[in-house]
Amino acid sequence: QFPYRPLGTLHGRASPMQAGLRLLCPRRLPAVAATRRLGCRISSARSLPRRFASSSSSAEDRGAPKAAAAPQAGTLLPPFLDECLRGVGQVIFLNSPASGALTLAALVYGDPWLGALAAAGTASATATARVAGLDAAAISAGLYGYNGCLVGCAFAVFLGLPAGSPAAAAAAVGGAALTAPLAAALKPLCGGVPQWTWAFNTIALASLAVIRPLAGAPPADPAAALSAVEWVLSPLAGVAQIFVVGDAVSGAMILGATALYSPACAVAAAYGSAVGAGTGYLLGAPAAEIATGLWGFNPSLTALAVSVFYVPSAGAAALATGGAVATAAVFGGAKGAVAASLGIPIATLPFCAVASGCHLLSLANLPGLVLAAAPHSPEKNVAAG
């Protein structure tokens, strides 16, 4: 079994490693702490609905709003700081330095060390993109930063190193830097489908496969039951788990940052997480997995992606719901096999797979399913549509 560092507490919550042990095969949490010790997972985004770090020089090629093709304006921040904050926000499709800053504050609240590595990873990926001379418009919009942000989050939890470890920081910075050229290389391979978080999954999971952090993790207790409070908090935990943070308050703060940018996007993120939790319950998932948000973060991202890329309609709402259900089902079917065979978390692979299918449905010309000409948010998509 992988030698995890001793489990402690952080501001009354479980340590990052205790959360990480429960990503795929969590043990039953004590009833009193279950609402706070929220497991782990991992995750994506953009307000220009991102082609996830695509390197095309035109907004149309990236599936982004036309305004994104020009340098970002209306901010007094230094350009690099502005790009990095947007990169944090782009994990959940928010092309806003203000929303990115609030999201980063939510991560620091949940786990200061994870927040630090998230910031370092975002800065490393963004700086690498600048040095490599990648698409300036994509860099300005934060599209080369969000994969690096997620690498930092994942390494803070799964490397098994103590908070403040120079080795963990170096690994996060180095791994995040690799996501920028990889994202540029993936762009032509993805064609018309967004890149989502494929670059993050590739770098993070390939690295974690070497140390197999979840090898030998015990299964969750199937006999536990969810309390009413746990049911209420589980969607918030699912939103926080997008960043591998085990804290429902952090999830609420992230939803607040999302609502600042787009109230409809915040609704979609919370709704997708709730659908994922409900699907897990119907599939007989252990209560601890539902309470800690493990069944919510991938469906939350899928519902959010549909809301960002499609013009609002009854068909789009149905697709968001069906996509969230399908994402949860894929998560439930694959997490055990991945943990048992490779000893690694499943990360945001279910989101990437199902969201790609949802995007490709636009080719079927189904009634009520129309891709936004300049994807941004439900409010702007309907106004432009």
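1. **Burial and surface.** Buried residues make up 60% of the 385 residues in this protein. The model is predicted. Its accessible surface comes to about 12,900 Å². Carbon and sulfur atoms account for 70% of that surface.

2. **Secondary structure.** Count the elements: the protein has 17 helices and two strands.

3. **Nonpolar cores.** The largest nonpolar core holds 70 residues. Within this core, L107, W196 and F243 touch the most other members. Helix α7 (residues 146-158) supplies the largest share of the core, with 10 residues. A second core is separate and has 12 residues, including I139, A141, A183 and A184. In soluble globular proteins, nonpolar side chains tend to be buried together.

4. **S300.** Is S300 buried or exposed? Its relative accessible area is 0%, under the 20% cut-off, so S300 is buried. The residue sits in helix α14 (residues 297-309). Leaving out residues up to four places away in sequence, S300 touches V239, I242, A268, A269, G272 and S273.

5. **Length of helix α16.** How far apart are the end C-alpha atoms of α16? They are 17 Å apart. Helix α16 (residues 349-360) has 12 residues, so at 1.5 Å a residue it should span 16 Å. The two values agree.

6. **Packing of helix α16.** The buried residues of α16 are P350, F351, C352, V354, A355, S356, C358 and H359. These buried residues pack against α9 (198-211), α14 and α15 (314-342). Helix α14 is also the place of S300.

How values were computed: Residues are numbered from 1 along each chain as its sequence is written. This is a predicted model: local features need pLDDT of at least 70, side-chain atom pairs count only at pLDDT 80 or more; totals for chains, interfaces and linings use all residues. Side-chain values use heavy atoms; hydrogens and water are left out. A nonpolar core is a set of buried Ala, Val, Leu, Ile, Met, Phe, Trp, Tyr and Cys residues joined through side-chain atoms within 4.5 Å. Buried means under 20% relative accessible area, exposed over 50%, partly exposed in between (1.4 Å probe, protein chains only). Helices (H or I, at least four residues) and strands (E, at least two) are DSSP runs, numbered from the N terminus. Contact means heavy atoms within 4.5 Å. Accessible areas come from the Shrake-Rupley method with a 1.4 Å probe; for residues, only the protein chains shown count as cover. The expected span of a helix is 1.5 Å times one less than its number of residues.
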